[in-house]
Each structure stands twice: as C-alpha cells, then as structure tokens.
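Please consult the sequence and coordinates alongside the text.

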Amino acid sequence: DDEELQRAVDEQREFREGCESRSGAMIEHMSTADVAADLDLLRGALGDEQLSYIGFSYGTSIGAVYATLFPERVRALVLDGSVSPTAEEEAQLIAQAQGFDRTFANFVAACNADDQCAIGPDAAASIGSTRSRLESAPVVVATGSDSRELGADLFDLAIATALYDTSLWGTLASSIAEIDDGGAAALLTLVDRQTGRKPDGSFDNSSDSQAMVSCADSPERLTVQEATDSSERIAASATTFGGLTAFGTFTCLDWPIAANPLPTITAAGSAPVLVVGTVGDPATPYEWSEQMAAALDGSVLLTYEGDGHTAFLRGGSCIEEAVVDYLVDLVLPAPGTRCPAQSEEASFTPLRDEIVDQMEAAGLPASVATCVVDGIIDDLGEAAFNELILSGDQEKLARLVTAQAMRCATAGD
C-alpha cells in the first residue's frame, strides 16, 4: 500500500545518506571489480604467481570478475552457487523468488513424506494457518528486559533462511509446531542469521556492504515509480516468496552512478574454471550456474541434484572429490557430471540428535555425547537449546559443553 511504499522509500533514503556520511570516500569504490583488484594484491602479497580460489554465492562473482580482468593469473577457480553473470536486477529478484518457491515446495514434500516432521502430513496447511495467525497476532518473544515480535514478514524470512540448509529443515518444522512454546524465539534466531542482528540488538554491516556492492556493480538507476512497478511484477512472480524479494528494486534509489561497474564476464585466456550448481538452490538458482558456465570460456559445470545453498562440503563424496581433484591436481570432472542428492540430506530428526551424532563423529563416546547434550537441554529447555545452536554462539556453547562434560565425567563417582 502507499504507506508501506513510502516507508520503503524513506528507509532507503536514510540508508543512502548514512553511507554517504560515514563512508563517502568508499561508496564509489565497492564494486566487484574493485574487490577483484584487491584479491590480486593479496595474491601478490602471498608470493603466488597464480590464484587458487573457491568462491561461494557472491564469491562466485568475485572469482568470475577476477578471471575476466586477470585471466593469465588464474590457476584454479571453483565457483559454487553462482550469481547470474548477465541478468538485470528485476530478472535476478524474480529468479530468486521462484528459486525459494521451488525449494519450499521440496521442503513441504519432504516433510509430508517423513513421519518425524512436526508439521506433517500437511505442511503447507500448517505453515499457511500459522502465517495467517501471525498477520493479525504476532507472537511476542521476551529478550531479557525487552521483547521482540514475530509477525508474518519475519516468519517468511525465517523459512527462507532455513531453506538454505537442509539440515535446518527439521528444526524449522519443530519451531513452527511449537511457535508458542519457544519456537518463535528459534525462528527469530534464523532471521538474525540472515540480517546480521547481534544478541544485543545491534547489526553487523553485512547487509549494508551487500547493498553498497550491488549498487557499485550496476549502472541501473530506477525512479521511484519504476522501482514500484518492478516490485509489483516481482511480487506477482512467485506465490510464496515474491513479496519477500520485491522491494529489492528500491536498493539503489538515488545512489551515485557506478564508477567501476561489472565488466562483461568472459574469462578469455584464463585456465578452465569449475562451476558448481545445485538444482534445488533457493538463493542462487541453478540456471544462474548454467549461465555462468556458458559465459566463462572453457569452464565445466558440475551439478548437485540436491537442495540447499551451495554444494561443496555438504553434497557428499561425489562433489567433494571432484572439487578437491581440481583444486589440488587441476583435474576437471567430465562435462555433464551430475552428483546425486545425499539420501540423508533432508533431516527431520530433532536438532538434539544431530548434535549428538556430530559429537560422536568427532570421537566422543556415544554415552558421553548423549549425557552432555541431554544435560544442557535439561538446564536450558529444548527450545532454548535449539535457539543456542542456531545462534552460532560458540563461546557460550563451549562453556556449557565443558561444564556439562565435567558433570558427566564425575556422575559415577
């Protein structure tokens, strides 16, 4: 509506003015071409004649631009979860919204087929009813002396964040099912992972940096009306997540003209590049990896048939062996190689069980791993335990694990 539109315009103006006042000297020098030049300086400082590099998500743009600007200095580049080398902003936002919708459909299907999924056997109905309720009655989450609200918009963002990683699908489902009993706090923790919000309520600069890079890369500068029209087309392009990405068209309103925008990606004269694409990637849709491989001269596309954002280190031995063979020995996989999805990829087991399994895999006896994890859950409650794991607070987790391990070690004395 008009009020929401004006709020978006005002917030973007405030953001731009803040960047100009705090980082005015950098605002025109944040492009990916600038970053690639910095990367070449790092290569030289290390004394390497050529660059060996693996880039994920936006990092694929850095790698592709590097290969285009400094082709003779490339030894091996792996680009996993590629951004589009050619699409304009609206096309990118539409593709991304549709990518999230596709992966969401895979999540729903996997949930409905798994007896352990907390919102099955009709996950879509459970999510839809929860979202409808949140539109009119957000859940209030206490945060020490303050509180936060989980409404429909943040609910959507939490779901989108969990779609990045299939290991989070079970926790997402249980958090939705227990939204009034600690689940809302876990969902807000997922939101915080995406937005860079810290426990004290402040934010890191990851979102700000991303916007500055995007505007420094693109020569597009829309008017408010053009951005509004574009956002409406984006919202209509994807049933579930079109609205979540729609206002991305407002990011560069009144931004300074890009001084060093993206070059045309070719990598002519570069050593062969390995592009890795995941069929069910919500954030960087598979077609972008196909586009990147087509744009880079002599590249090879390696396909992972699973879900989630990027594939290396989570796509199993087929992906890992292909990437390592290339990075170490410069042996590329055969063109057209496709790696199957991992059978255990979408897990709806409790997060508690996954952490116990990880501790066992690290060499801890099963009885000790179980004692430590269950002891922490007894102290915190399962919802707070899930929230802690999702928050990535390694320091707090290490303290709790150490204390509980000592209890478990002395329990039989």
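This is a predicted model: local features need pLDDT of at least 70, side-chain atom pairs count only at pLDDT 80 or more; totals for chains, interfaces and linings use all residues.

## Disulfide pattern

The structure contains 4 disulfides. When the bonded cysteines are numbered in sequence order, they pair as 1-2, 3-4, 5-6, 7-8.

The sulfur atoms of Cys 215 and Cys 252 lie 2.1 Å apart in a disulfide. This link of Cys 215 and Cys 252 is left-handed, with -100 degrees about the S-S bond. Cys 215 belongs to helix H9 and Cys 252 to the loop between helix H11 and strand E5, so the bond ties together parts that are 37 residues apart in sequence. Both Cys 215 and Cys 252 are buried.

Cys 19 is also a buried residue, at 7% relative accessibility. The cysteine sulfur closest to that of Cys 19 is in Cys 215, at 8.6 Å, which is too far for a bond.

In the disulfide of Cys 318 and Cys 339, the sulfur atoms are 2.0 Å apart; the link is left-handed, with -65 degrees about the S-S bond. Cys 318 is partly exposed, with a relative accessible area of 30%, whereas Cys 339 is buried at 1%.

Cys 371 and Cys 408 form a disulfide with sulfur atoms 2.0 Å apart. Cys 371 lies in helix H15 and Cys 408 in helix H17, so parts 37 residues apart in sequence are tied together.

## Contact of helices H4 and H5

The axes of helices H4 and H5 come within 8 Å and cross at roughly 115 degrees. Residues in the contact include Phe 104 and Phe 107 of H4 and Ile 127 of H5. By class, the contact has 7 nonpolar, 1 polar and no charged residues.

How values were computed:
Residues are numbered from 1 along each chain as its sequence is written. Side-chain values use heavy atoms; hydrogens and water are left out. Axes are lines fitted to C-alpha atoms, for helices over the stretch in contact, and angles run from 0 to 180 degrees between N-to-C directions. Helices (H or I, at least four residues) and strands (E, at least two) are DSSP runs, numbered from the N terminus. Contact means heavy atoms within 4.5 Å. Ala, Val, Leu, Ile, Met, Phe, Trp, Tyr, Cys and Pro count as nonpolar, Asp, Glu, Lys and Arg as charged, and the others, Gly among them, as polar. A disulfide is a pair of cysteine sulfur atoms within 2.5 Å. Buried means under 20% relative accessible area, exposed over 50%, partly exposed in between (1.4 Å probe, protein chains only).
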